Amino acid sequence: MLITYLVVPLCSLLALFSSYSFSLWNYNSYAVLALLVSFIAAVAVLSRTAKSRKDIPLKSRIVIILLPLLVIINWICYIVLASFKTIVLCMPACFICTLIYMLKHIKHKGWKIALAILYILILVPVCFILLLCLLFGNFGSRTVTETVYSPDGKYRAEVINNDMGALGGSTLVNVYNEQVLELYIIKISEKPQCIYEGAWNEYNDIKIIWTDNRTVLVNGKRHQLL
């Protein structure tokens with residue numbers, strides 16, 4: 001179960017501190033898988049009697065105590081990276097399952113109460129962030145108005161109309177590397193390069209021409225890809 005909840009945060013950290021994007025093929029499916037694993041673990045620990053539970057090593061105990069925290073971290077990552085349809089249902093259920101799993105492995109009643117209160121207090125601001133994202137997450141829109149591929153097809157330049165509503169907006173030209181490295185459920189690709197940013201709604205005036213496989217002209221200005 002630990003590995004299940006380490007994948008998404010690790011991908012987010014690697015993407016944050018590198019020039020590459022580390023993402024899952026399907027975040028919703030992975031959230032459902034995490035819920036299934038957590039539910040099975042919670043049912044298994046609930047079905048055990050007190051006598052059948054064996055003492056576990058200190059390291060394993062620490063990992064179990066941190067599981068609900070990992071779920072909260074995953075929840076935050078999902079809010080940033082994925083849609084809400086499946087995530088909203090799965091992550092709270094995962095939190096409940098891991099909380100049950102943790103509490104069942106703690107014998108001291110005082111520790112059980114303290115940890116339960118602590119995690120509920122941590123959960124409150126996360127729920128507040130989730131509410132804000134649900135209310136304002138669809139604020140504005142990004143529309144791709146034109147796509148032009150490099151001569152070898154390995155890169156694509158996209159003209160994006162970035163509408164931010166009352167805040168205005170901008171027109172962007174991003175270049176994406178079409179080459180993606182697939183590692184089981186993870187895909188690795190270069191982060192897009194923003195080579196142009198102009199005023200909102202000027203996308204009709206943008207002219208993109210590839211002069212070679214790594215050089216693109218935007219309104220006559222030359223941009224060499226890194």
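# Reading a predicted fold, feature by feature

Visitor: Let's start with L36. Is L36 buried, exposed or partly exposed?

Guide: Buried means under 20% relative accessible area and exposed means over 50%, with partly exposed in between. L36 has 48% relative accessibility, so it counts as partly exposed. Keep in mind that this is a predicted model.

Visitor: Where does L36 sit in the fold?

Guide: In helix α2, which covers residues 27–47.

Visitor: And which residues make up the nonpolar surface patch?

Guide: A residue can join a patch when its relative accessible area is over 30% and it has no salt bridge. Here the patch is made by L33, L36, F39, I40 and V43, and it covers about 470 Å².

Visitor: On to the cysteines. How many disulfides does a search of the whole structure find?

Guide: The test is simple: two cysteine sulfur atoms within 2.5 Å. The search finds zero disulfides. Take C77, which is in none: the nearest cysteine sulfur belongs to C11 and is 9.3 Å away. C97 is in none either, and its nearest cysteine sulfur, that of C94, is 6.6 Å away.

Visitor: Are C77 and C97 buried or exposed?

Guide: C77 has a relative accessible area of 12%, so it is buried. C97 is buried too, with 8%.

Visitor: How many salt bridges turn up in the whole structure?

Guide: What you look for is a side-chain nitrogen of Lys or Arg within 4 Å of a carboxyl oxygen of Asp or Glu. The search returns two of them. R156 pairs with E158, the closest N and O atoms being 2.8 Å apart. R156 also pairs with E178, where the closest N and O atoms are 2.3 Å apart. Together, R156, E158 and E178 are linked in a network of salt bridges.

Visitor: Which parts of the chain does the pair R156 and E178 tie together?

Guide: R156 belongs to strand β3 (residues 155–163), while E178 is in the loop between β4 (169–177) and β5 (181–183), so the bridge connects parts that are 22 residues apart in sequence.

Visitor: Now a sheet. What is the strand order in the open sheet of three strands?

Guide: The order is β8-β9-β10, and the pairing is antiparallel. The edge strands are β8 (208–212) and β10 (221–224), each pairing on one side only. Neighbouring strands in this sheet are turned by 30 degrees against each other on average, direction ignored.

Visitor: How many bridges hold the pairing of β8 and β9?

Guide: Four, in the antiparallel sense, with β9 running over residues 215–218. A hairpin of two residues joins β8 to β9.

Visitor: Which residue in β9 does I209 stand opposite?

Guide: L217. When you follow side chains along a strand, remember a general point: in a regular strand they alternate between the two faces of the sheet.

Visitor: Where do Y184 and N219 lie?

Guide: Y184 is in the loop between β5 and β6 (186–190). N219 is in the loop between β9 and β10.

Visitor: Are Y184 and N219 buried, exposed or partly exposed?

Guide: Y184 has a relative accessible area of 82%, so it is exposed. N219, at 40% relative accessibility, counts as partly exposed.

Key
Residues are numbered from 1 along each chain as its sequence is written. This is a predicted model: local features need pLDDT of at least 70, side-chain atom pairs count only at pLDDT 80 or more; totals for chains, interfaces and linings use all residues. Side-chain values use heavy atoms; hydrogens and water are left out. Two strands pair if DSSP finds at least two bridges between them. Axes are lines fitted to C-alpha atoms, for helices over the stretch in contact, and angles run from 0 to 180 degrees between N-to-C directions. Patches are made of residues with over 30% relative accessible area and no salt bridge: like charges are joined within 9 Å, nonpolar side chains (Val, Leu, Ile, Met, Phe, Trp, Tyr) within 5 Å. Accessible areas come from the Shrake-Rupley method with a 1.4 Å probe; for residues, only the protein chains shown count as cover. Buried means under 20% relative accessible area, exposed over 50%, partly exposed in between (1.4 Å probe, protein chains only).
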